[in-house]
Amino acid sequence: MGQKLKIAGWVSVGVVAGALTTVSLQTVARGAMTPLPLEEIQQLSAVFGLVKTDYVEPVDDKKLITDAISGMVSSLDPHSQYFDKKSFKEFREGTTGRFVGVGIEITQEDGLIKIVSPIEGSPAFRAGLKTNDLITKIDETAVKGLSLSDSVKRMRGEPNTKVTLTIFRKDENRSFPVTIIREEIKTQSVKGKVMEPGYAWIRLSQFQERTVEDFVRKVEDVYKQEPNLKGLVLDLRNDPGGLLDAAVAISAAFLPENVTVVSTNGQLAESKATYKASPEFYMRRNGSDPLRRLPAALKTVPLVVLVNEGSASASEIVAGALQDHKRATIMGSQTFGKGSVQTVRPLGPDTGIKLTTARYYTPSGKSIQAKGIVPDVMIDESEEGNVFAALRMREADLDKHLGSGQGEEQKDEAREKAREEARKRLEEEAKKPAAERKLPEFGTDKDFQLTQALNKLKGRAVLVSKTQTERKEEKKEN
């Protein structure tokens, strides 16, 4: 079981009847009023009554109703979701890039929590926690048996409250407690550096509220170090996406003004939209446009965009826009394929639903949904090949996923076989010392895909994948 957790960590969510009498039995669809299905609503009320009277023990009214709402929304597709008070708060924290906690990036190993990296300047960083430290207890609760998300929830909390972590440090062969005072943590979604004279690498790990400003600052830093930049690698690998306006802004940083970045289409009039490389489409509030601070040379610097199966949603919008406008060479593996728009609708002051309201389309009109972005140049993740890519989930693997809306999907019968082979290889890798494992190390001299991207920018030979082919859409079962 511990081995499986390690692998998962690596590779890389009477009252009814009474209420109904107070609302109009009408709903809006495509701008017209259509009647609600009264017979089915009566069935729902009947089931509610049976559960209240016949279930083995009493059930809370509120729980029954919220669970019914949650089930209705989650049955639509993998990305629609009901938010109760707690999950709504966590969702908002995820988009702002701010949360209250101790400040560590973590994974799971042998049932324990392994620290990947303490966030610089965070309480955990100041307390001396190190990469590869293992957390065995959170306050008085043993970590063994807790899920990763449960462990995260226990470490988060209110500002200025204490949490005690019991740490096992392998290289010192000792365990010790560390008491940390929680505070607001600001995550960094942008990293970058000059790799060598004339060439730089900038990585976006997520599209958050602060991403655009952080991106501009990183570009300014790069150009201060290297004013005569000859080539840039924009790294979107394993970027799960985030805010649409941030994706439009990052695209606009490289594209001519006012060209189309992405379009959307759905039932509502507001879901039929075109977003362009112009401040009105990415500026959230009054103020100066941060992109105006970027050097003019960024519009023309030779550009490679790295993507993989973990690149999704907003990162696919950026890659698709830069590809369609022939502004960049897209390299890596075919992306995740999350080409749907989710809109958050509040249901009250602290609850709401996230509902899929449209599909995304690249400037040339191609749907991203369940297909993804196909790179111009397929590059494996290591010299040994795309060793672990088959283990990564894609949109088309998710239960109830939307189709692209552009033709029938084809079943990929070889995928499960490839996954089983990759799973065996990863189990073998897990037995090796960390220094000998073949997992990609983004942004280092051991990063095989980054090396190939730099070779492309320099006009040198690139080791193109001999095994990767364009992934067809899988047939969706109705």
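## A tour from helix pair to core

Select helix 3 (residues 38–54) and helix 4 (residues 61–74): they pack at about 145 degrees, with axes 11 Å apart. Axes are lines fitted to C-alpha atoms over the stretch in contact, and angles run from 0 to 180 degrees between N-to-C directions. Helices (H or I, at least four residues) and strands (E, at least two) are DSSP runs, numbered from the N terminus.

This is a predicted model: local features need pLDDT of at least 70, side-chain atom pairs need 80 or more, and totals for chains, interfaces and linings use all residues. Residues are numbered from 1 along each chain, and side-chain values use heavy atoms, without hydrogens and water.

Back at the helix pair, show Phe48, Val51 and Lys52 of helix 3, then Asp61, Leu64 and Ile65 of helix 4. They make the contact (heavy atoms within 4.5 Å).

Strands pair if DSSP finds at least two bridges between them. Strand 17 (residues 303–307) and strand 18 (residues 329–332) run parallel over four bridges. Here valine 305 stands opposite isoleucine 330.

Now colour the largest nonpolar core, of 51 residues. Such a core is a set of buried (under 20% relative accessible area, 1.4 Å probe, protein chains only) Ala, Val, Leu, Ile, Met, Phe, Trp, Tyr and Cys residues joined through side-chain atoms within 4.5 Å. Helix 9 (244–254) gives the most, with nine residues. Finish on phenylalanine 254: its contacts include Phe215, Leu234 and Leu298.

Note on methods
Buried < 20%, exposed > 50% of the residue type's maximum accessible area, 1.4 Å probe, protein only. Lists of a residue's contacts leave out its neighbours within four places in sequence.
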